[in-house]
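Me: Could you walk me through this structure with me? I'd like to start with the packing inside and then move on to a loop and some strands.
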Amino acid sequence: METFLQTYVSFIICTLLCFTSSENAICYGREGNYLSRVTSSPVKNSIKALFFDVRNYGAKGDGSTNDAAAFQTAWNAACEANGAVMVVPSGYTFLLQPITLNGSSCQSKVVVQIDGKIVAPKKSEWSSNGFQWILFSAMGKGITIQGDGMIDGSGDSWWSSGDTPHALRIVDSSDVTILGIKVQNAPRMHIYIDNSQSVTIFNVTISSPGDSPNTDGIHLTHVQHVEIYTSNIACGDDCVSIQTGTSDVKIHNVNCGPGHGFSIGGLGADKSEAHVSDINVYDSTLSDALYGVRIKTWQDGTGSVNNVTFSGITMSNVHNPITIDQNYCNGGHGCAATTTNAVAISGVTYTGITGTYTVTPVSLVCSQYKACSDLTLSSINLTPSGSAKPDVVCNNAFGHVLTPTTPPLTNCLQ
């Protein structure tokens, strides 16, 4: 039951909004636990926060009714306001068919407060053949997705299929913040961000089984100025995947595993040109992962990877902790029978990489056409777990080993 104090505060806010402006005012009333707009006349210099609870726009939250139309209506209303907060309240489960929330007409940055649970339909009930399930697009004025709630992609009904949709995608946006939420069981990638700038992701939990195919935790392509930190990622593919056109990325205090580690690439598929630069991964852990820190480029691609630092990384039972593979070949792109080119890799630093491995501690397989250059290794201490052997693989890798290492790497770099 609403307390007297809450009622009094609501009354004061409404009074201020209705009587302190010379313009026509916006008055607010209580709907559920949030303030909601009653009229829509413009106000200057008024309190900005407007709350749009999806239940007030027809969402049932019963876990079986498709609430996509209600979410769309709430979003459209929020976009018309300055400082809007679209609320997905706790205590409800909202089933959504594929939905696109476009921000091109939004008046300002929008906050999506997810405290409840959002679930995708099973594959047999999917209403679209789209590339993604939940899409935020053209958020030029900014988007914040936050809360204690969960986004569940119902991926177990998809993982035996070929073409699968991404769970949460953000495209053509800037000033993007994702915090606090949980994303689990994506049919494909959990969080897919492309063609965007100024992205912050923190205190996020991503979870799917280690054998779920292609379920990258966070996938970045053509994204600049990114920080990912204080998060936990467990998935069936790369915990963080960094693709072409991406630069100025900081990843720290992230726990990865199971999964395929922190990966740059694969770059240069189908002889394409790819560029990645200014990547810094530090103070993070990997456990029971297939790879630790990896750079992978397709045969016969072009472009460059440069200015990359991996530091302060702790490995626990990681199959392959440090990997460069310029002969990467996987999936449906096919592999060149003969190669005469490669994506150039230079300026990569590995320092403070410690822990245990189960297969190969260091594998630097670089191209004879574009050898890896300016590699730096220091304070590497990787010890075998179980019956693993301290064998390293180094081909066409040039640079410097600055300190004694375990296993010994003095003969690894040329």
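Me: How many residues does the largest nonpolar core have, and which have the most contacts inside it?
Reply: In this predicted model, the largest nonpolar core has 95 residues, and those with the most contacts inside it are Phe71, Trp75, Phe136, Ile264, Phe310 and Tyr350.
Me: Which residues does phenylalanine 310 touch, leaving out those up to four places away in sequence?
Reply: With those neighbours not counted, Phe310 touches Ile264, Val281, Val293, Ile295, Val348, Thr349, Tyr350, Thr351 and Ile353.
Me: Switching to the loop, where does threonine 360 lie?
Reply: Threonine 360 lies in the loop between β26, residues 344-357, and β27, residues 362-365.
Me: Is threonine 360 buried or exposed?
Reply: Threonine 360 has a relative accessible area of 18%, and because buried means under 20%, it counts as buried.
Me: And what does threonine 360 touch?
Reply: Not counting residues up to four places away in sequence, threonine 360 touches His319, Asn320, Pro321, Asp391 and Val393.
Me: Now the strands: how many bridges join β11 to β14?
Reply: Four bridges join β11 (residues 143-146) to β14 (residues 174-179), and the two strands run parallel. Within this pairing, threonine 144 stands opposite threonine 177 in β14.
Me: Which residue is the bridge partner of threonine 177 in β16?
Reply: That partner is threonine 200; β14 and β16 (residues 191-202) run parallel and are joined by five bridges.

Methods. Residues numbered from 1 in each chain as written. Predicted model: local features only at pLDDT ≥ 70, side-chain atom pairs only at ≥ 80, totals over all residues. Heavy atoms only, no water. Core = buried A, V, L, I, M, F, W, Y, C linked by side-chain atoms within 4.5 Å. Buried < 20%, exposed > 50% of the residue type's maximum accessible area, 1.4 Å probe, protein only. Contact = heavy atoms within 4.5 Å. Pairing = 2+ DSSP bridges.
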